Amino acid sequence: MSVATKERMEVIEEEHPVAPFLRMDRIPHIWCSTCGIGTAVKCYATALEESGVDLDKAAIVSGIGCTGRVAGYMKLDAFHSTHGRAIPFATGLKLGRPELLVTVFSGDGDLSGIGGNHFIHAARRRMDLLVILVNNFIYGMTGGQNAPTTPLTAKSSTMPFGNYEPPFNLPHLAASCGATYVARWTSLHIRRLTKAFKEAIDRKGFRFIEVIAPCSTLYARLNRLGTGFDLMQFYHHSTEIQHGADPAEVDIGFQDKIICGKFVDEDKPMMLDLMHEHYKKTLGDKYVPMPPEGGWLHE
Amino acid sequence: MSRTEIRITGFGGQGVVLSGYIIGRACAINGGKHATMIQSFGPEARGSACSATLTVSDTMVLYPYIRRPDIFVVMSADGYATYRDEMKDDGILVHEANLVHPEPKKGQSVFGVPSTRIAESLGRPIVQNIAMMGFFAAVTELASREEMRNAVKDSVPPGTEELNLKAFDAGVAYFDDEYGQAAMKKTKAAAAAK
Amino acid sequence: MKADPAGVLAGAHYLDGDFACGEGAMAAGCRFVGGYPITPSTEVVERMSRRFPMMGGIFIQMEDELASMAAVVGASWTGTKSMTVTSGPGFSLMMENIGLGAMMETPCVVVNVQRGGPSTGLPTMVGQADVMQARWGSHGDYELIALSPQSPQEAFDLTITAFNLSEIYRVPVMFMLDECVGHMTEKVVIPKAEDIEIVPRRLTKKPPGEFFPYRVNGNSVPEFARAGDGYRFHTTGLTHDERGYPVMSADCQEVCVKRLLDKINDNADDIIMLEEEDIDGADVVVIAFGITARVARMGIELAAKKGIKIGFIRMITLWPFPEKRIRELAGKIKAFVVPEINYGQMVLEVERCAGGKAATVSVPHGGGGVHDPDVIRDAIVGAAK
């Protein structure tokens with residue numbers, strides 16, 4: 001056995017700090033090099049660890065797409081659901097067993113395109129979900145088609161001459177629908193993003209964090225934006241941190257500045273609290289709440 | 001196999017469906033028969049014509065809809081106009097006396113009750129349909145008076161039983177006074193005196 | 001195990017089929033319903049949303065039927081018995097996540113109070129034209145179970161059966177009422193809780209680490225772990241191995257999908273419920289389901305007066321189809337007569353299984369009403385010739 005091989009083996013044996021939170025038997029993951037999703041996953045895992053969450057009571061739900069694969073790599077009770085339906089699936093999980101910490105981890109196309117209606121309604125009813133949306137401005141897994149988040153004039157495989165449809169400003173959408181926590185960071189902001197995840201884990205209600213992430217394979221290539229490194233440099237130069245900024249003012253133009261920060265952080269009761277309070281008031285002693293461990297009937 | 005078909009009609013808000021429910025409950029739960037009720041569904045709001053049908057049988061009701069009702073209960077002129085022609089030639093018409101002015105065919109028997117006035121005299125016009133049910137019970141004897149009375153008690157909102165049973169009893173009493181044996185005797189006596 | 005008394009409204013009631021179905025669900029232990037209003041099914045959830053807060057149940061009115069079905073699959077993964085309720089247009093939207101339920105092997109019940117279609121069709125009037133959709137509505141190969149009640153009493157009884165079957169076989173069970181049965185009010189007797197047998201979720205006893213979500217060990221149905229018990233399992237709508245991990249290969253597809261089919265087909269004899277009358281010596285056998293089964297009996301009574309020997313099969317289970325029984329009878333009788341409130345759906349299955357050994361007569365009805373019994377009589381008389 002050569003020395004070089006020996007050294008390599010030692011490197012392999014060293015465990016990644018968040019390995020206990022991942023399904024290492026499924027690594028390597030499917031994401032392209034320089035993709036920002038992995039960074040978001042690392043930050044999320046770190047946040048779980050530092051928050052001291054009981055991982056047995058944490059569930060994660062993804063939809064379909066590149067970010068839709070996150071649930072598949074997290075070593076939690078993990079559900080890889082259907083395209084756009086991660087939020088309603090997670091709603092069922094949360095209501096079926098209210099003690100669970102339920103995270104939805106999915107992409108911009110999944111959550112704001114095909115799943116847009118579920119997004120606004122979960123926010124409206126203040127469903128107790130942590131929703132992490134990785135926004136790479138494009139449908140990645142299917143090959144770079146236009147998304148509801150693609151900036152004006154940016155090119156996609158279905159808008160080859162540039163996008164002419166105004167995109168969503170997602171923090172504004174979430175905030176105006178009733179989200180209790182709204183923040184945006186890029187995959188460059190590792191510490192701030194981790195902190196945001198930790199804060200959001202501790203809050204109640206519909207918590208929404210948008211993670212701007214590079215897709216160098218498609219978005220950057222179609223728009224001639226350079227490599228993943230170039231995109232990270234772009235984030236470095238073009239992000240502006242404005243905590244408490246008016247969410248209505250944080251829309252993203254093509255290769256324009258990206259306003260990051262925590263825009264909403266309100267202590268408001270979530271849907272289940274509202275329901276309990278209301279039923280206690282209207283039904284009194286007749287009200288029997290769903291037990292925290294769910295409505296499962298014990299033999 | 002006996003099969004009795006009933007249509008109840010009135011305007012929305014008169015308690016047409018509850019009336020059907022009471023008759024069905026009296027026959028099926030209290031009377032041990034089979035009774036299938038179908039309510040007509042549609043964009044019917046308060047004030048427009050509304051209808052429920054019932055089929056009462058000794059055996060399972062195989063055909064759930066009615067074709068030519070044996071008994072036609074009418075609480076509004078509109079309802080009468082809509083459904084009068086389908087009634088059986090020897091059918092029984094039970095109607096609100098002040099709102100419906102029937103023109104029966106030969107062979108059809110007609111029984112009117114001022115159920116709205118009766119309900120008003122009890123202070124609550126809303127129990128009009130229950131007065132009608134008392135009258136219906138006495139006219140048709142499809143279910144016994146007691147079975148119908150118990151069905152009323154079990155079908156109305158809790159706390160309103162007393163008022164509703166009063167209305168029911170008033171409807172029964174109206175039949176006894178106007179059509180019952182006593183009334184018949186009175187009529188006969190009057191005729192004899194002439 | 002026995003039913004939870006909190007959900008059992010024991011006694012004799014005068015209920016419509018929709019209410020009876022809701023009572024059946026609560027008696028069966030259903031404690032989560034996600035739904036979206038649609039005529040003529042809404043009474044089911046209206047009933048349940050009024051009673052659920054008193055028994056630890058949650059009804060949530062979702063934003064659409066896509067969400068309703070997704071929420072039901074999600075809730076079921078917590079071990080909470082879950083159901084949704086809809087009619088044709090909503091059923092179409094649910095197909096996506098009915099497929100997910102089938103693929104993830106999720107016990108749940110989908111109630112479809114059928115109205116006339118296609119599209120918006122006849123919202124307040126009867127149809128039975130979703131029965132093929134119940135079987136084939138979602139894409140890909142899968143098997144599930146569909147039941148059809150003929151009365152409010154059965155809407156109660158069979159809803160419990162639907163939940164039990166969904167637990168035993170880990171499939172979504174389609175509960176195919178029709179508007180007529182749903183909106184028909186009749187006597188419904190609800191037994192005491194101690195007289196109602198319900199099947200609880202079969203939770204694994206293996207410790208985390210030794211448990212694989214889709215390992216069957218020669219059984220047809222895997223054991224279940226619910227979210228929040230420390231198993232940290234993974235499940236997906238993708239083709240998966242016994243760990244619940246996606247594997248994109250023809251080999252894995254074969255193993256994964258074949259078992260979804262086998263677990264139902266191999267147990268078809270246990271699942272299928274038929275009610276048979278006067279089959280021995282019959283020349284003509286009438287096959288019907290739902291409200292049409294009742295009307296068909298009237299047609300049979302009328303035709304019997306003409307001296308025809310008529311047997312009757314009422315399909316309580318629509319899917320899996322009673323293939324074996326139809327094949328058996330095909331060689332012995334002249335003809336099958338199949339009235340249904342559609343332009344000929346289940347009759348295709350009958351015809352397939354009859355395999356030319358007996359004639360097959362469709363008695364269609366477009367919806368909006370039930371058959372005229374005389375039409376069924378005439379079809380029987382015609383088939384007997």
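Two residues are in contact here if their C-beta atoms, placed from the backbone, lie within 7 Å. The legends below refer to a predicted model.

**View 1. Chains A and B do not touch.** No contact joins chain A and chain B. The closest C-alpha atoms of chain A and chain B lie 17 Å apart. Two pairs of chains touch, and the pair with the most contacts is chains A and C.

**View 2. Chain B meets chain C through residues of both chains.** Chain B gives 16 residues to this contact, and chain C gives 17 residues. On the side of chain B that touches chain C, the elements that supply two or more residues are α1 (16–30) and β2 (34–39). Sorted by class, this side of chain B holds eleven nonpolar residues, four polar residues and one charged residue.

**View 3. Strand β2 of chain B pairs with strand β9 of chain C.** The partner strand in chain C, β9, covers residues 184–190. Two bridges join β2(B) to β9(C), and the two strands run antiparallel. Within β9(C), C:Thr185 stands opposite B:Met37.

**View 4. An open sheet of eight strands takes strands from chain B and chain C.** The strand order is β6(B)-β5(B)-β4(B)-β1(B)-β3(B)-β2(B)-β9(C)-β1(C), with mixed pairing. The edges are β6 (109–113) of chain B and β1 (11–16) of chain C; each has a single partner strand, so one side of each is left without a neighbour in the sheet. From one strand to the next, the twist averages 20 degrees. In general, strands of a sheet pair through backbone hydrogen bonds, in either a parallel or an antiparallel manner.

**View 5. Chain B contains both helices and strands.** Seven helices and six strands are found in chain B. Read from the N terminus, the elements of chain B follow the order β-α-β-β-β-α-β-β-α-α-α-α-α.

**View 6. The overall dimensions of chain B agree with those of a compact globule in radius of gyration.** A compact globule of 194 residues would have a radius of gyration near 16 Å; chain B has 16 Å, and therefore agrees. Along the principal axes, the C-alpha atoms of chain B fill a box of roughly 50 × 40 × 35 Å. Of the 194 residues in chain B, 49% count as buried. Among the contacts in chain B with a separation of 6 or more, 59% are between residues 24 or more positions apart.

Note on methods: Residues numbered from 1 in each chain as written. Chains lettered and ligands numbered in written order. Predicted model: local features only at pLDDT ≥ 70, side-chain atom pairs only at ≥ 80, totals over all residues. Helix = DSSP H or I, 4+ residues; strand = E, 2+ residues; numbered from the N terminus. Nonpolar A, V, L, I, M, F, W, Y, C, P; charged D, E, K, R; others polar. Pairing = 2+ DSSP bridges. Axes fitted to C-alpha atoms, helices over the stretch in contact; angles between N-to-C directions. Rg over C-alpha atoms; globule rule 2.2 N^0.38 Å. Buried ≥ 20, exposed ≤ 12 C-beta atoms within 10 Å, placed from the backbone.
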